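Visitor: I would like to go through this model and hear the grounds for each label. Please keep it brisk.

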Amino acid sequence: MNTINHIIFFLLFTNLIFGQGPPITVETPIMLGLEGSGIRTFGKIISKENATIYVQPIVVPYNISTKFQVGGIFPIKVFNPNGADAVGGFGDLSVFAKYQLYKKDGTAKTFRILAHAKQTFPTGKTSATPPLGTDLYQTYIGLIVGRISSAIGFYSNFGYTITPETDNFIYNFSVSVPLLEQKYPQKQLNTFLELNGKYLIDPEVHTLFLSPGLQFIPGRRILFETSFQIPILQENISTNRTNYMLLIGTRFLIN
């Protein structure tokens, strides 16, 4: 009987998580399935005062276990400066790992804490104008926290990035609310309100974006999402400030 109850709980919980959906611009604490893998890609348009930047990262996560996930991020960038020719190519490659430190599940709800590490390599071309990479090795260490139920989801991630030139602190928060009733076959529409902050230590620069988003889940293995990021704080940035950022993407679960 316990085995049957565990199977029923897993099916209901899987339906809940896919119904709630992962946050759009914040790291997710949910790693579904054993030896699962997936693909996430999205187009991101960054409108600045002096240029328009298009970024197309391809994110490939792989679950080694239900507690441990690794993956890679392969970005493609196109810079279109005002009054100059566009420059495009591959950006800086990143590899990451997530490990579940704590999990507490209840009836149609869960609370989880994950450790998160990411290493970025200077693979982007720097001889181009403007450069496609930073020419810096960057190491990120942080935490991911999430409390999710069938009615609402709270997510956050925060951490510290170490580089040879200057370090920075990153903090993100997300609240999600499903608009449709939980049902099977899966179909869900989720709304998100997110905050994305970054504090550069030297020189001191602080940016904060408000990011409302929408996510559509037509089935168990695929979802579509969009987010519009609006700057509400760009402290100590005098030139080439960001006007807005627009994200449109999809995720596909392979296993």
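Visitor: Over which residues does pLDDT stay under 50?

Guide: Residues 1–18. pLDDT is the predictor's confidence in each residue, from 0 to 100. For that stretch the model has 24 contacts beyond four places in sequence, a contact being heavy atoms within 4.5 Å. This is a predicted model, where local features need pLDDT of at least 70, side-chain atom pairs count only at pLDDT 80 or more, and totals for chains, interfaces and linings use all residues. Residues are numbered from 1 along each chain as its sequence is written, and side-chain values use heavy atoms, with hydrogens and water left out.

Visitor: Which elements have the lowest and the highest mean pLDDT?

Guide: Helix α1 (residues 2–20) has the lowest, 41. Strand β8 (residues 153–162) has the highest, 97. The chain mean is 87, and 89% of residues reach 70 or more.

Visitor: How many helices and strands are there in the chain?

Guide: The chain has 1 helix and 13 strands. Both are DSSP runs, numbered from the N terminus: helices are H or I with at least four residues, strands E with at least two.

Visitor: Why is Asn190 called buried?

Guide: Buried means under 20% relative accessible area, exposed over 50%, partly exposed in between (1.4 Å probe, protein chains only). Asn190 has 0%, so it counts as buried. Asn190 belongs to strand β10 (residues 188–200). Its C-alpha is 6.6 Å from that of Ser176, 14 residues away in sequence. Buried residues make up 43% of the 255 in the chain.

Visitor: And what makes Phe121 partly exposed?

Guide: Its relative accessible area is 29%. That value lies between the 20% and 50% limits, so Phe121 is partly exposed.

Visitor: How many aromatic pairs does a search of the whole structure find?

Guide: It finds 6. One of them joins Phe121 and Tyr137, at 6.1 Å centre to centre and 85° between the planes. Both residues sit in the loop between β6 (109–120) and β7 (138–149), 16 residues apart.

Visitor: Why is the pair of Phe121 and Tyr137 called edge-to-face?

Guide: Rings of Phe, Tyr and Trp (its six-membered ring) pair if their centres lie within 6.5 Å; planes under 30 degrees apart count as stacked, over 60 as edge-to-face and the rest as tilted. The centres are 6.1 Å apart and the angle is 85°, so Phe121 and Tyr137 pair edge-to-face.

Visitor: Which residues do ring pairs link into a cluster?

Guide: Phe169, Tyr171 and Phe173.
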